[in-house]
Amino acid sequence: MKKNQFDTHYRDRKNHVKTISVLSVIFLITASAVLAQNATIKVDILRQIGEIDRNIYGVFMEPIRNTMDGILYNPGHPLANEDGFRTDFIEAARELKITNMRWPGGNYTLTYDWKDGIGPKEERPVRRELAWNVLDRNQVGTDEWLKLAASMGVESSICINVTTATLEDNRNWIEYVNSPTGSYYADLRAKYGHPEPYGVKYWHLGNEVDGEPWQAVAMSSEEYVSYAKDAATIMHFVNRGCDSCTQPVFLAMGSSWIHHNGEDAEWEQWNWDVIDGLIAQRNVEYLAIHRYWAGGLSKEIKNDRSPHVFLGDWERHFNDYISTTVNQIKIAKIKNHVPDKPFYIAFTEWAPHARGHMRTLAGALHFNTFIRHADYVKRANFTMFISLLSWDKDGNTFKSPFFYMYKLFSTNMHGKSLDTYVDCETFDGEIYKDIPCLDVSSAYDEEEKTVVINVVNRHMKEAINTNIISDTGEFSGMATISTINSDDVEAPYTAEDKNNYQPVTSTIKTRGNAFTCSFPAHSFTQIKVAVK
């Protein structure tokens with residue numbers, strides 16, 4: 001397929017969500033494979049990549065201007081709970097089964113003093129916040145963040161300041177959060193209303209300190225590794241003799257500056273230096289990496305959202321970004337004589353920069369990529385938490401197709417990631433060639449004896465009729481098919497259409513080792529089926 005065929009213009013189409021009737025879905029899906037197919041998907045429950053860690057269904061939240069103090073935290077809002085946080089966002093987190101929240105930043109952390117955010121709120125200082133150029137009232141500090149996480153039903157992972165904070169600052173922070181009473185900062189926590197330790201396990205060793213073009217304070221890789229080693233050591237020592245205390249696990253900060261405002265960075269070298277310097281360090285078990293889909297892809301390709309780039313080149317780039325980092329970890333384990341050391345990737349900031357259905361398709365491509373790398377990608381955090389809901393001009397929230405796409409993954413995709421075979425038509429991006437039109441991930445739940453298959457059809461014009469085959473075992477019972485699509489892939493989601501945004505679902509009886517499904521153009525489809 002030629003690129004110009006792939007990038008069919010669709011801006012004049014009517015702005016409404018495509019409604020696929022149950023009858024039409026059933027018509028497109030048959031239990032036999034007697035017709036000629038133009039694509040094949042094969043799943044094999046014995047070809048397992050790795051366990052899907054539910055921590056890939058995490059979120060990132062940062063007080064960027066009014067995102068926290070004003071939106072999520074708004075004591076005067078009709079939906080605010082007793083702690084001042086909006087219950088519509090809290091209920092959304094619980095519905096999505098979000099597992100963890102990374103806070104308080106973000107670039108915010110590079111000049112943040114955690115001590116400004118404890119104690120009586122009326123006594124907390126107002127600081128000039130440098131990352132986002134606002135005044136920070138510090139109304140949401142450590143205790144408030146942890147109350148929010150508890151109400152959401154998620155685990156906290158705290159990002160520390162490694163640039164302007166001292167080692168003593170960070171040593172005191174973990175004492176405040178995790179130590180039993182009897183020492184100064186633990187007693188201070190009790191004084192402010194929480195006698196028991198919070199027991200936070202995951203601690204991020206800084207944020208995007210390689211980002212010299214946009215950070216108030218940046219570091220060289222040598223400076224960062226030196227500070228991170230010392231911080232991880234001293235923070236570990238705080239409660240090392242306490243059997244009942246939660247011992248910290250640390251996430252080192254890998255690359256975030258790949259391409260920024262026309263300038264490329266040596267991100268591979270940054271990762272080499274950090275992995276090599278910290279892979280043998282006590283309790284450092286993750287490398288955190290960041291990348292935002294549809295920023296600058298290269299000097300030549302800037303903010304190009306044409307489908308062959310946005311859904312093609314960007315997915316391939318993300319795959320290469322992760323694969324390169326995985327290989328660096330494997331080499332560093334051998335070089336540093338730690339072959340059995342737990343050391344994984346945490347994609348702690350990700351988001352597709354687009355609106356409407358293109359954003360939803362890119363979100364599904366993110367999750368497919370993470371799942372295909374389930375042996376190494378063990379944590380991920382969507383940016384930002386409050387963006388999982390959409391809202392109208394009056395600030396009222398509603399659930400968009402992006403929300404429902406996220407929910408299909410977070411509630412159904414668990415168990416073992418499978419090495420899925422895909423044979424289909426391809427297209428060319430600007431950088432990558434022969435990109436499959438169907439982007440696929442799959443998983444096997446051994447307890448439920450079910451397979452879940454996720455398919456993004458990146459073709460902008462044509463449905464792709466596909467033969468789905470089980471190489472080990474037979475499909476059994478009723479398969480559930482959920483489809484998300486839109487006539488206009490660029491139109492923004494609106495509150496007026498909110499009742500049309502849930503996935504279209506149907507069921508079909510399966511038997512044998514194959515069935516046929518036609519995936520509509522520019523659609524995301526999830527199939528859940530038993531295998532015996």
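Visitor: In which sense do strand β4 and β7 pair, and over how many bridges?

Guide: This is a predicted model, in which local features need pLDDT of at least 70 and side-chain atom pairs count only at pLDDT 80 or more, while totals for chains, interfaces and linings use all residues. Residues are numbered from 1 along each chain as its sequence is written, and side-chain values use heavy atoms, with hydrogens and water left out. Strands here are DSSP runs of E with at least two residues, numbered from the N terminus, and two of them pair if DSSP finds at least two bridges between them. Trp103 stands opposite Ile158 in β7, and strand β4 (residues 100-103) pairs with β7 in the parallel sense over four bridges.

Visitor: Which residue in β8 is the bridge partner of Cys159?

Guide: β7 and β8 run parallel and are joined by three bridges. In β8, the bridge partner of Cys159 is His204.

Visitor: Is Ser157 buried or exposed, and what is its relative accessible area?

Guide: Ser157 is found in strand β7 (residues 155-159), a strand that is mostly covered, with four of its five residues buried. Buried means under 20% relative accessible area, exposed over 50%, and partly exposed in between, for a 1.4 Å probe and protein chains only. Ser157 therefore counts as buried, with a relative accessible area of 1%.

Visitor: Which side chain is joined to that of Ser157 by a polar contact?

Guide: A polar contact is a pair of N or O atoms within 3.5 Å; within protein, one must be able to donate a hydrogen and the other to accept it, and residues adjacent in sequence count only if both atoms are side-chain atoms. At 3.1 Å, the side chain of Ser157 makes such a contact with that of His204.

Visitor: Which residue in β12 is the bridge partner of Phe250?

Guide: Strand β8 (residues 202-205) runs parallel to strand β9 (residues 249-253), with four bridges between them, and Trp203 stands opposite Phe250 in β9. β9 is in turn joined to β12 by four bridges, again in parallel. In β12, the bridge partner of Phe250 is Val284.

Visitor: In what order do the eight strands of the closed barrel run?

Guide: Strands of a sheet pair through backbone hydrogen bonds, either parallel or antiparallel. In the closed barrel of eight strands the pairing is parallel, and the order is β3-β4-β7-β8-β9-β12-β13-β14.

Visitor: Which residue in β23 stands opposite Ile41?

Guide: An open sheet of four strands has the order β18-β1-β23-β26, with mixed pairing. Within this sheet, strand β1 (residues 39-43) pairs in the parallel sense with strand β23 (residues 464-470) over five bridges. The residue opposite Ile41 is Ile468.
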